[in-house]
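Hi everyone, thanks for making time. Let me put the structure up, and then we can walk through it together.

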Amino acid sequence: MKYQEICVEGIMKLMDIFYDKIRKDKSGLGEIFNNKIGEGEEEWREHKAKIANFWQGMLLGSGNYSGQPMKAHLELPPFPREFFSTWLGLFEESLGQVFEDNVANNILHRARMIADRFQYMLYENGH
């Protein structure tokens, strides 16, 4: 049963499905995440909770996310720009498994805007 509106429960389910795909990804994207976060379940649980908080803040105006996502990405070792497309593809696939189409499209639009901003900062802003 897909969620018909954005809710904390749906965001948590999205994190589980999405990051399961990321961890198994063989394009090189998964390797970046696994190297940064670690292989253990506890590290991934913490990461999913942190990113769920980020999305709750973005989509629901709730949660207590206090990180600096741009800074976190700028500090990563250089990676190919194509990984943003891979990330968005896996995110879109995951959204479709969790939310009804209209809700999934709304969240995907936000994700694309964030990805565009990150790509600008990483690849076009002299970094």
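Before I start on the helices, one definition: the expected span of a helix is 1.5 Å times one less than its number of residues. Keep in mind that what you see is a predicted model.

Now take α1, residues 8-24. This helix has 17 residues and runs 25 Å from its first C-alpha to its last, close to the 24 Å expected at 1.5 Å a residue.

Which residues of α1 are buried? They are G10, I11, L14, M15, I17, F18, Y19, K21 and I22. If you look at the spacing, remember that an α-helix has 3.6 residues a turn, so residues three or four places apart point the same way. As for partners, the buried residues of α1 pack against α2, α3 and α5.

The largest nonpolar core holds 39 residues, and I22, W55, W87, F91 and F99 touch the most other members. At least two residues of this core come from each of α1, α2 (29-37), α3, α5 (82-98) and α6 (101-124). The biggest contribution is from α6, with 10 residues.

Let's zoom in on F91. Leaving aside residues up to four places away in sequence, F91 touches L14, F18, W55, I107, L108 and A111. Two of those, L14 and F18, were in our list of buried α1 residues.

V8, M12 and L60 make a nonpolar surface patch of about 220 Å². L60 sits in helix α3, residues 41-60.

Terms used
Residues are numbered from 1 along each chain as its sequence is written. This is a predicted model: local features need pLDDT of at least 70, side-chain atom pairs count only at pLDDT 80 or more; totals for chains, interfaces and linings use all residues. Side-chain values use heavy atoms; hydrogens and water are left out. Patches are made of residues with over 30% relative accessible area and no salt bridge: like charges are joined within 9 Å, nonpolar side chains (Val, Leu, Ile, Met, Phe, Trp, Tyr) within 5 Å. Accessible areas come from the Shrake-Rupley method with a 1.4 Å probe; for residues, only the protein chains shown count as cover. A salt bridge is a side-chain nitrogen of Lys or Arg within 4 Å of a carboxyl oxygen of Asp or Glu. Helices (H or I, at least four residues) and strands (E, at least two) are DSSP runs, numbered from the N terminus. A nonpolar core is a set of buried Ala, Val, Leu, Ile, Met, Phe, Trp, Tyr and Cys residues joined through side-chain atoms within 4.5 Å. Buried means under 20% relative accessible area, exposed over 50%, partly exposed in between (1.4 Å probe, protein chains only). Contact means heavy atoms within 4.5 Å.
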